[in-house]
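Work through the exercises below with the structure open beside you. Try each task before you read its solution.

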Amino acid sequence: MFSSVKVVLLLMSGLLIACCSKTPSSSSSSQWYGFGTPLTEKNIAAWDIDVGPDGVGLPVGSGTAKRGEPVYLAKCAACHGDFGEGMGRFPALVGDHASLTSDRPNKTVGSYWPYATTLFDYINRAMPFGNAQSLTPDEVYGVTAYILAMNDIIKEDTVLNAETLPKVKMPNRDGFVMAQGTDIKADACMHDCEVKVKVVSRASKNRVTSTTKE
Amino acid sequence: MSKRKPASVPPQQGRRGFIRNSLLGGLAALTAGRFGTAEAAGKALVVPAWSHQLGPGVVTNPYGKPSIFEKHVVRRFLPWIRPTREASISFAPLQDLHGIITPNGLFYERHHAGVPPIDPAEHLLVIHGLVKQPMKFTLQDLLRYPSVSRIHFIECAGNGAMEQHGALNNGLQFTHGMLSSAEWTGVPLKRLLNEVGIRSGAKWLLAEGADAAALARSFPIDKALDDALIAYAQNGEMLRPEQGYPLRLVLPGWEGVANVKWLRRLELGTRPWDMREETSTYTQLLPTGKARQFTFIQEAKSVITSPCPERPMPGKGVFMVEGLAWSGEGKVKRVDVSFDGGRNWQQARLKGPALDKSLTRFEIEWTWNGKQALLQSRVIDETGYVQPTYEQLRKVRGTNSMYHNNAIHTWMVHPGGEVENVQLG
């Protein structure tokens with residue numbers, strides 16, 4: 001009895017959906033409007049700056065650490081330090097791969113970054129900080145080479161270009177795993193749960209932020 | 001004449017005075033029973049000045065502002081956490097907000113190269129790569145498409161990162177304020193991909209901003225075809241510059257950085273691009289030395305917003321404990337609250353609608369006996385995911401994973417009513 005009522009209701013709701021999804025017709029997700037303007041990949045070139053881990057997108061040009069050094073010292077060292085050690089809170093570029101398992105990991109280009117192409121891409125798109133996208137491809141190759149050489153990943157005279165850069169093997173190349181679903185399982189115990197309730201750290205002891213009361 | 005003297009108070013004292021008085025009134029009412037004290041009842045009411053005089057007329061503020069008594073409700077930042085303001089974070093004042101929408105002027109900020117002053121007439125969205133026809137869209141083009149409006153939270157993956165080694169910031173604004181929520185209006189990305197036509201082999205997209213960081217992130221095409229939105233409006237008005245004016249990618253429930261602001265380009269490709277912001281940063285370093293990459297989802301999390309360090313207990317007696325819960329996986333199903341550090345839990349009421357990937361408010365009545373208490377909240381989302389304790393989280397991720405700290409948070413209520421951020425173990 002109930003199940004037949006349910007069937008009728010289901011049929012009715014199906015009819016409702018069928019009726020309403022037809023109107024208005026513009027809500028159909030497959031309708032093509034063509035409000036955009038066609039472009040060719042050539043038109044896009046000035047914006048198409050991304051470089052992939054396989055080197056796709058690297059421009060023509062080349063550089064060595066030697067040629068990159070004066071550019072680095074003039075345009076990068078003020079924030080990152082003459083030796084890539086990082087000034088103030090600006091990031092260090094040189095670091096020890098072994099630090100990643102320590103209490104104070106030093107995540108730098110040398111210790112952490114998996115691809116040299118990312119370094120080229122990032123300098124090219126975002127550096128120098130405050131004057132982005134101002135370096136020539138040769139300068140970007142040179143600065144990339146200088147930072148890699150400071151990390152002892154390449155030699156001072158290694159020539160980086162679209163062919164050689166993707167082949168540079170970074171120390172932490174195999175350090176990443178693609179997240180697959182959640183890695184944490186918790187239960188929702190309601191009563192007499194076995195938890196530690198001793199206060200082990202208190203924010204008032206740190207005084208880095210008082211409360212925001214006026 | 002003297003009894004008609006304006007009763008208004010200086011703005012800097014007004015609100016706090018009001019709170020103090022109402023708190024005292026509340027306490028008095030508690031001790032004196034349902035109808036208050038005779039003293040309170042006997043005090044004659046005063047007609048305030050604003051009931052006599054005309055106020056400012058319409059369009060005094062063509063774009064309105066909050067009351068002058070709400071000046072303390074602002075975004076705040078911590079100068080010591082980042083090298084410059086242009087690559088920094090500001091925190092939303094969650095302790096002063098209500099409901100599930102963050103006012104546009106209070107939405108948390110995270111910029112990597114400051115806010116670009118984009119002229120919408122010169123801004124373009126380019127879609128190219130593995131598509132049948134690369135296209136550019138102006139804002140005016142996008143406004144012609146059928147739009148949708150949806151309420152979603154955005155949370156920085158780094159929200160709570162400062163608390164990973166132990167309780168650090170003594171304020172809700174700084175422990176949880178990299179979280180905001182808005183009604184976003186725009187064009188489903190799926191519709192624009194239908195315009196350009198997806199070529200076979202396209203598995204990932206690169207989204208890139210027009211700021212001086214050209215901030216870029218890869219994301220899988222499944223999300224683009226699911227609920228990704230090219231948003232141009234936020235809470236009924238065009239996006240705020242700080243939120244990506246004139247265009248922002250909204251990837252509901254996913255870490256804030258992937259919701260690329262000032263969106264200028266989408267490229268379709270076969271694999272992720274391994275950009276700086278998905279390798280060097282926004283990856284979770286585990287105790288083994290390996291790092292989890294592409295941890296997009298903001299898993300279920302909750303926090304009690306009242307009381308909190310900024311909102312201490314007014315006194316013993318009945319108090320409405322309130323908070324926020326959210327999940328990047330869907331709807332909030334249940335929130336439990338503990339007053340004894342997680343030993344025993346009670347189910348809280350969900351207030352208003354529990355929307356998909358949206359902030360959800362909860363509340364529970366608590367009769368405080370004036371003694372020290374350890375308050376916690378714990379959310380369960382519609383997938384059955386249970387918000388973990390710090391112990392459970394650290395067991396897997398250690399204390400250097402930086403991002404996606406969604407652990408159960410503890411407020412210690414002191415006998416004096418002050419509330420402190422603490423961690424248990």
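**Exercise 1. How many cavities of 30 Å³ or more are there, and what lines the largest?**

Solution. This is a predicted model.
- Step 1: Start with the count. There are four cavities of 30 Å³ or more.
- Step 2: Take the volume. The largest cavity has about 180 Å³.
- Step 3: Find its lining. It consists of 19 residues, and those closest to the centre are B:Arg110, B:Arg248, B:Gly256, B:Val257 and B:Lys261.
- Step 4: Sort the lining of the largest cavity by type. Eight residues are nonpolar, six are polar and five are charged.

**Exercise 2. Give the strand order of the six-stranded open sheet, and find its edges.**

Solution.
- Step 1: Read the order across the sheet. It goes β5(A)-β23(B)-β22(B)-β21(B)-β17(B)-β18(B), with antiparallel pairing.
- Step 2: Look for strands that pair on one side only. These are β5 (199-202) of chain A and β18 (346-347) of chain B, the edge strands.
- Step 3: Check the link between the chains. Three bridges join β5(A) to β23 (residues 419-424) of chain B, in the antiparallel sense. In this pair, A:Arg202 has B:Val422 as its bridge partner.

**Exercise 3. Is strand β21 of chain B buried or exposed, and which strands pair with it?**

Solution.
- Step 1: Apply the cut-off: a residue is buried under 20% relative accessible area.
- Step 2: Count along the strand. Nine of the nine residues of β21 (residues 373-381) of chain B are buried, so the rest of the structure largely encloses this strand.
- Step 3: Separate the faces. In a regular strand, side chains alternate between the two faces of the sheet. One side of β21(B) carries B:Ala373, B:Leu375, B:Ser377, B:Val379 and B:Asp381, and the other has B:Leu374, B:Gln376, B:Arg378 and B:Ile380. Both faces are covered.
- Step 4: Turn to one neighbour. β17 (residues 332-338) of chain B runs antiparallel to β21(B), joined by six bridges. Here B:Asp336 is partnered by B:Arg378.
- Step 5: Turn to another. β22 (residues 410-413) of chain B pairs with β21(B) over four bridges, again antiparallel. B:Leu374 has B:Met412 as its bridge partner there.

**Exercise 4. Why is helix α5 of chain B described as largely enclosed?**

Solution.
- Step 1: Count the buried residues. Six of the eight residues of α5 (residues 189-196) of chain B are buried, so the helix is largely enclosed by the rest of the structure.
- Step 2: Name them. They are B:Leu189, B:Arg191, B:Leu192, B:Leu193, B:Glu195 and B:Val196.
- Step 3: See what follows the helix. B:Gly197 comes after α5(B), with a positive phi near 80°.

Notes. Residues numbered from 1 in each chain as written. Chains lettered and ligands numbered in written order. Predicted model: local features only at pLDDT ≥ 70, side-chain atom pairs only at ≥ 80, totals over all residues. Heavy atoms only, no water. Pairing = 2+ DSSP bridges. Helix = DSSP H or I, 4+ residues; strand = E, 2+ residues; numbered from the N terminus. Buried < 20%, exposed > 50% of the residue type's maximum accessible area, 1.4 Å probe, protein only. 1 Å grid on protein atoms, 1.4 Å probe; cavity = no way out; pocket = protein on both sides within 12 Å on 5 of 7 lines; lining within 4 Å. Points joined across faces, edges and corners; volume = space filled by probe spheres on them. Nonpolar A, V, L, I, M, F, W, Y, C, P; charged D, E, K, R; others polar.
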